[in-house]
Amino acid sequence: MLREIGVSSFEDLLESIPTDLRMTGELDIPGPFSEEEIGRHLGKLAAGNRGANCLLSFAGGGIYDHHVPAVVRTITSMPQFYTAYTPYQAEVSQGTLQSIYEFQTMIARLTGLDVANASLYDGASATAEAALMGLDVTRGARVLVPATVSPHVKRVLRTYLASSAADLREVPTRDGRIDVAALSGEISENDVVIVQHPNALGLLESVNDVGELAERAGALLVASVDPLSLAVLRPPADYGAAIAVGEGQCLGSAPSYGGPLLGFLAAERRHIRRMPGRIIGATVDHDGRRGYVMTLQTREQHIRRARATSNICTNQGLVALAAAVYMSLLGRNGFRETAVHVMSKAHYAADAITQHTGLSLAFPGPFFREFVVEMPRPASVIRSELSRDGICPGVDCGTYDPALERCLLVSVTERHTREDVDTLASALGAAAAEGGSA
C-alpha cells in the first residue's frame with residue numbers, strides 16, 4: 001500500500017504534523033492489570049469527576065438540562081428501536097419509518113416550513129449543510145454570518161467551506177445583536193445569510209429587519225433556531241427564512257459531554273431536491289393501507305455523484321425518536337407551557353442577579369432562556385471559585401471572545417427552582433463583592 005501511494009514508510013504520512021506533537025515511545029500508563037484491577041482503577045479515576053447532576057448548573061450555550069420524562073427513555077430503549085439500522089427495506093421497517101415521518105412533521109410545524117429531513121448529526125453541521133444548500137440554490141459565492149452566531153458553529157462552517165470557492169464573511173454586531181445597518185451595506189444578490197435566533201449571547205435578533213433585507217437584496221436567509229423558543233416566538237417561515245436549522249438536544253435528550261446531539265433542517269418545498277440526508281414520505285399500498293417509505297435520498301450512494309447534495313449517509317434516528325416522543329408527550333399546550341416557564345424563570349434570574357452590586361446585564365434587548373452577566377472579575381476565576389461550592393454558574397464568554405472575559409452566559413430551564421436561582425444570585429453577588437473589595 002505504501003509503495004502504491006509513493007511513500008517509503010508510515011511516518012512519511014505524518015510529515016505535515018509537527019514532530020513535537022507526535023507520540024514517541026510507549027504510553028505512560030500503569031499495568032498490566034487484571035480485569036478486576038482495571039475496573040477498580042477506572043472507578044477511582046471516574047470518582048474524581050463530578051457530573052452535572054452533582055452540581056447546581058446554569059450552563060447552556062446550545063446544550064440544556066431539561067426534564068426528560070421517564071417514558072422517553074423507556075420507548076427509546078425498546079430493542080426494536082434501539083437496535084434498528086437504516087430502514088432500507090420498508091416492508092420490515094414501518095415502525096422506524098413512521099417515527100422518522102412523525103419527527104419530520106413536528107419539525108415542519110415548529111418552523112412553519114413545508115418539509116423537514118430525517119435529521120442530521122448536530123446543529124452545527126446542520127447549519128453548515130444549510131449554507132452549502134443555500135449556495136446551491138442561489139449559485140452565489142458568499143455566506144454572511146454575524147459575529148453573534150455561536151463560535152462553535154462558525155468553526156464547523158469554516159471547515160465545511162474550506163474546500164469550496166465560497167467566501168465566509170462576518171457581519172459586525174452592535175450591543176450583542178446584528179448591526180442591521182452594516183448588514184444592509186454588505187448584503188447583495190445571491191448571498192446566503194445566516195441568523196441565529198436567539199443568538200449565541202441569548203438575545204433575540206431583529207429577524208424581521210434581516211428578513212426584509214434578504215428579500216430586497218435577493219439573498220437567501222437561513223435561520224438557526226432553538227426549537228423550544230418556537231413555542232413562543234414566530235416561526236422562521238414568517239420572517240422569510242427559506243431554510244431553518246437547529247440543535248434538537250433539548251427535545252428529550254439529557255446533556256452529555258460531546259453528545260449524542262440532534263441536528264434538524266427544514267426548508268421550503270421548492271428546495272426539497274437540494275436538501276441533504278433523507279426524507280421519509282407517507283403513501284398507500286395496493287389495498288389502500290397507509291405505509292411509509294424513503295421518498296428522497298440525495299447522497300452519492302443513491303444518485304449520481306455529481307448530483308449528490310451531501311455525503312450525509314445516515315440520521316440521528318434514536319435521538320430524533322426521543323425528540324418525537326418528547327414533543328408528543330407534551331403536546332402543543334405542554335410544549336408552550338414549558339417554554340413560558342423557562343422564559344419566566346430566566347427573567348426572574350436576571351432580575352435577582354442584577355440586584356447585587358457589581359453585576360449587570362452586559363447587553364440590552366430581549367432574551368428567551370439565557371442572558372449575559374457582566375462582572376468585576378474574569379468569569380473563569382468566578383467559575384472556578386463557585387465550582388468548589390458545587391455551583392456551575394454558566395458559560396465563560398471569554399471562550400467566545402477575549403473582550404468578554406468578564407462576562408458569564410447564564411442559562412435557566414424549568415428544572416431550576418426559585419431557591420436554585422436565589423442561591424446562584426447570592427453566590428455571584430458575594431463573588432462580585434469580593435472582587436470590589438479587592
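Strand E8 (residues 220–225) and strand E9 pair in the parallel sense, over 4 bridges. Two strands count as paired if DSSP finds at least two bridges between them, and helices (H or I, at least four residues) and strands (E, at least two) are DSSP runs, numbered from the N terminus.

Before I continue, a word on the basis of these values. This is a predicted model, in which local features need pLDDT of at least 70 and side-chain atom pairs count only at pLDDT 80 or more, while totals for chains, interfaces and linings use all residues. Residues are numbered from 1 along each chain as its sequence is written, and side-chain values use heavy atoms, with hydrogens and water left out.

To return to E9: on its other pairing, 5 bridges join E9 to strand E10 (residues 263–267), and these two run antiparallel. Ala244 illustrates both pairings, being the bridge partner of Ala223 and standing opposite Ala266 in E10. Of the 5 residues in E9 (residues 243–247), 5 are buried, where buried means under 20% relative accessible area with a 1.4 Å probe, protein chains only. Ile243, Val245 and Glu247 lie on one side, Ala244 and Gly246 on the other, and both faces are covered.

I turn next to helix H5. Its 18 residues, 94–111, reach 26 Å from first C-alpha to last, close to the 26 Å expected at 1.5 Å a residue; that expectation is 1.5 Å times one less than the number of residues. The buried residues of H5 include Phe103, Gln104 and Leu110. How buried is Gln104? Its relative accessible area is 5%. Leaving aside residues up to four places away in sequence, Gln104 touches Ala116, Asn117, Ala118, Arg278, Ile279 and Ile280, contact meaning heavy atoms within 4.5 Å. Just after H5, Gly112 takes a positive phi of about 80°.

Finally, the cores. A nonpolar core is a set of buried Ala, Val, Leu, Ile, Met, Phe, Trp, Tyr and Cys residues joined through side-chain atoms within 4.5 Å. The largest has 50 residues, and those with the most contacts inside it are Phe103, Leu183, Leu221, Met327 and Phe335. Elements giving two or more residues to this core include H5, E8, E10 and helix H10 (317–354). H10 gives the most, with 12 residues. Phe335 touches, among others, Leu110, Pro227, Leu251 and Met327, again not counting residues up to four places away in sequence. Apart from this core lies another, of 28 residues, among them Val115, Ala128, Val222 and Ile279.
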